[in-house]
Every structure is written in C-alpha cells, then in structure tokens.
Amino acid sequence: MVSAEPEGATMDARDASGSLDRATDDFLAARPQLFGIAYRVLGSAAEAEDVLQETWVRWQNTDRSGVKEPAAFLTTITARLAINVAQSARVRRESYVGPWLPEPVDTRHDPQLGAERAEALEMAVLLLLEKLNPVERAAYVLREAFDYPYKQVAEILETSEPNTRQLVSRARKHLSAERKEPVSPADHRRLLEVFLAAAQTGDMQVLENVLAADVVSYADGGGIRGASRIPVVGRLRVSKYLAAFAPRFWPPARTRWVEANGSPAVLVTAGGNPVALLSVDASEDGIHRIMWVMNPEKLSPYVTSLSA
C-alpha cells in the first residue's frame, strides 16, 4: 500500500489560501490525463471514476498555496490511489466468475485517452498488464503511455530511479514475451472481418486459416450472462467451439462496427439489447486473442457512451 498523498501535502478543509474556482479549473484541465492513468492501471472505467472522485475530494481539502504544479500533484494522488485500488481489486478478481477482461471504453473522440502515446490502451495490452503487480503496472503506464521521466515516476511511486527502471523493464519484457508484434490497423480490421464472417457461419476451414496456433478465446460474462467460464485454447478447439455455438448465437443477433480502446470492434445485439462486444488481438501469424465482453455491467456504460 503506497501513501496516496504527495509529501508535504497539508489537509485543510477551509482552504484559506486558494479559491475553489481555481482548484476546479486545475482539476478539470488535468482530468483527461488523470482518467487515462487510472483506467490503464485498473482496466476498469468505473474504478477509474471512483479514483478521480477521491482525488477531487483530496484536492479540495489540500492546502494548495504550496502546490506549484497542480497537474503533477494531482497525477501523484491519482497514481497512488489507483495502485491501492488495484491491490484490493486483485483479491476481488480472484473470485471473479470466469475470465476477467478489461472494461471497454469508447475512444472515438480521444483515441489516446489523455496520453502522450497510445500505449497500454488496447484491450489485449490491458489484459496482459493485469498479470503484473500494481506498482509495475503503474510504472509502465506512467513511463510508456504518458512519457514521464524516470525521476518523476520514481517520486510518484516513492521508490528509487534505478528501481523504477527495473519495474518498467520487467513490464516491457513481460509484454514482449506474451505478445507478438501487432498487425497494421488495416490488416487488423481485415482479419476481424474475415473472422466475424466465418464465426457467423461456423466455417471451420476459414476459422482455422485466420486463427494463430496458440489462439485463446476469452468470454467475460461475470457470472451474470451465460459464457464459457474457462478460456478456450488452441486453433482446433477454438474453431470447434465457435462452430458449435454459431447456430444458436448468431441467427437472432445483429452486428455493428464500433471502436473500443483505439481498435475496431463489433457490438453484438439481440432484440435491441447488447449481448457482447467482440475484439481481437492479431499478428502476422493470425488472431491470438479473441475477447468477448458479455458482462452487462461492463457493456452498458460502453453502449451508453456510443450515443453520448
């Protein structure tokens, strides 16, 4: 558990030295980046919003007269709170029913979600980051997605600069070991189109051609909606699995092309209600990860954002 308060912060509810209007302006200016940091560390938009709410409360109650860089101060609070939430979320997710997938976000209006770079936003990357401990995750996000200097990341994480470099290095190695170089956006879209058509018809031959040998299909129903409670692994098993449920799943369904986490995705509805968000992770070898977000608690906010 890390301290959520930057060193030297003084809590004073009266805030005699600064105006609430200025505090609000500073917070709103930093908010997109703060959300981007919390979301990448947590993989949950709902939990990220809770972190930002707590950051705002603490910012209101801080003696802001000694804060020279509000954005840096707010970033420190947000990152530390996110780490603490991630540590407790890890325990909760151990009892999660079935595979856990990140909560998708609509990135049409902000493709990078407040970041300097687009790293650590794709669903597959967030899924892999979940396997790291929260401090490693935060170090990677701050450095790779937001381009913070190692010295500043070390200060935020309350550790040394050499240790920070090791944290980021371990995260990079984990990702490079688990994920091959992704294809271009155009090829990604093409592969998803071919996969969708084959999945809808249960075409085993096309499915086997488009899937990588080590493909894994994850279906996150959260115990609320019927979905496979264990990942399906391997080209042949995944192909058979998709072909088996095609006659039941697809006939009443309608599909809509959308964008989620910066990549093409397919929203599947039935009777006007969302039932799944389909996205994939692909390399030159084919599709490696198929991700079906079916948990209504994750789907509903995303679908709402599409019409906002």
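Buried, in this talk, means under 20% relative accessible area, with exposed over 50% and partly exposed in between, for a 1.4 Å probe and protein chains only. The model is predicted: local features need pLDDT of at least 70, side-chain atom pairs count only at pLDDT 80 or more, and totals for chains, interfaces and linings use all residues. Residues are numbered from 1 along each chain as its sequence is written, and side-chain values use heavy atoms, with hydrogens and water left out.

Let me begin with helix α10. Helices (H or I, at least four residues) and strands (E, at least two) are DSSP runs, numbered from the N terminus. Helix α10 covers residues 235-249, 15 residues in total. From first C-alpha to last it reaches 20 Å, close to the 21 Å expected at 1.5 Å a residue; the expected span is 1.5 Å times one less than the number of residues. Its buried residues include Val238, Leu242, Phe245 and Phe249.

I turn now to aromatic contacts. Rings of Phe, Tyr and Trp (its six-membered ring) pair if their centres lie within 6.5 Å; planes under 30 degrees apart count as stacked, over 60 as edge-to-face and the rest as tilted. By this rule there are nine aromatic pairs. One of them joins Phe27 and Trp56, a tilted pair at 5.2 Å centre to centre with 45 degrees between the planes. Phe27 lies in helix α1 (residues 20-42) and Trp56 in helix α2 (residues 45-60), so the pair ties together parts that are 29 residues apart in sequence. Phe27 is buried at 6% relative accessible area, and Trp56 is buried at 17%.

What is the geometry of the pair formed by Tyr241 and Phe245? The ring centres are 5.2 Å apart and the planes stand at 75 degrees, so this pair is edge-to-face. Tyr241 and Phe245 are four residues apart in helix α10, a separation of about one helical turn. Tyr241 is partly exposed at 24% relative accessibility, whereas Phe245 is buried at 13%.

Next, charges over rings. The criterion is NZ of Lys or CZ of Arg within 6 Å of the ring centre and within 35 degrees of the ring normal. Arg64 places its charged end over the ring of Trp59, 5.6 Å from the centre. Arg189 lies over the face of Trp257, at 3.8 Å from the ring centre.

Finally, the strands. Strands β3 (residues 253-260) and β4 (residues 263-270) pair in the antiparallel sense over eight bridges, where pairing requires at least two DSSP bridges. They form a hairpin with two residues between them, and Asn261 in the turn has a positive phi of about 55 degrees.
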